[in-house]
Amino acid sequence: MPSRNPKSENRNPNAVPGSAPPRVCLCNGGAVTAIRPPFGLRTSHFGFLLRSFLLLLFTLGPASAGGVRLGDLVMVSGARDNQLVGYGLVAGLAGDGDRDPVYTKQTVANMLRRYGITVPPTTLSAKNVAVVMVTADIPPFVKSGARLDVQVASMGDAKSLQGGVLLQTPLFGADNKVYAVAQGPISVGGFIAGTGGPGGATVAQIIDGAIVENEIPTTIVRDNSIELLLREPGFTTAARMAAAINETFTNCAHAEDSSTVRVRIPEGVESSPVDFIARLENIEVNPAIAAVLLFGPAWAGNHHTTLS
């Protein structure tokens, strides 16, 4: 009986005859499978080129890349957007509105009652109007009088919102308080009210269609500290961030977890948190680089060895 060669049991069926098997490169702790040498390159030449590239990437790369502004990596806890939502009517749809559902008629009757007109809902026609949900995002620190973009979506069975006008609609926050009011001609696929155009849609928008009525209270300083929330959580990046801050402001920062760095406001700047945050944002940090898949097609085979 012929002897079995243990080296041949893991041979890659896709390997090029006379060449070494595909290899695995370890990148930031994760295994990355190398592909078959392209363009007719011999395995030895391809391995040399790959090793040279990896050496350049992991030695010269970080030094030449420099740091990244801390302000581009984090957001300040408390300084975030909030969502608003409202229920309203779009009028002027020329027969493309709702097909007389009960809630649409009742909404029209309720609106007319606000103007002193009392009409039984059953006597109304809803073909020229549509009930809609209106949504918007309000950024932090936005003051009364600022404008927001809003999105409008049909709630009933209207054919199209094209050519319609949104009637005054209050927008509520999660606390059921009104923070903005939306109104105006809506834009569907680039066409605004009165301009016509082919087709139709039941989702639309109004650029600068809402006016902010009340500012949402925002608190960014708690117990004389601020929290920096990483946009891309990572223990290494959080630790490097705290160390970089402590180089500028001694013993002021520590990483609480992979996504949070707590910074104590130093003495003397307690009354100027905005200036302190501005200085923090300009500190440079070298964030951890995630593993990047260089090579690894499905046909590379199952033979795995260490790139050397």
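Which strands does helix H3 (residues 235-248) lie across, and at about what angle does H3 run to E14?

## Placement of helix H3

In this predicted model, helix H3 lies across E4, strand E13 (225-230), E14 and E15. Relative to E14, the helix runs at about 175°.

## The four-stranded sheet

The strands E4, E13, E15 and E14 belong to an open sheet, in the order E4-E13-E15-E14, and their pairing is antiparallel. Strand E4 (74-76) and strand E14 (253-255) form the edges, each pairing on one side only. On average, and with direction ignored, neighbouring strands of this sheet are turned by 25° against each other.

Strands of a sheet pair through backbone hydrogen bonds, in either a parallel or an antiparallel manner.

Helix H4 spans residues 273-281, and its buried residues are Phe276, Ile277 and Leu280. These residues lie on the same side of H4 because they cover an arc of only 95° around the axis. The face turned away from this buried side carries Val274 and Asp275, which are exposed.

## Cover over the buried side of H4

Which elements are included in what covers the buried residues of H4? The cover includes strands E4, E13 and E15, together with helix H3. Strands E4, E13 and E15 are also among the elements that H3 lies across.

Conventions: Residues are numbered from 1 along each chain as its sequence is written. This is a predicted model: local features need pLDDT of at least 70, side-chain atom pairs count only at pLDDT 80 or more; totals for chains, interfaces and linings use all residues. Side-chain values use heavy atoms; hydrogens and water are left out. Two strands pair if DSSP finds at least two bridges between them. Helices (H or I, at least four residues) and strands (E, at least two) are DSSP runs, numbered from the N terminus. Axes are lines fitted to C-alpha atoms, for helices over the stretch in contact, and angles run from 0 to 180 degrees between N-to-C directions. Contact means heavy atoms within 4.5 Å. Buried means under 20% relative accessible area, exposed over 50%, partly exposed in between (1.4 Å probe, protein chains only). The arc is that of the directions from the helix axis to the C-beta atoms.
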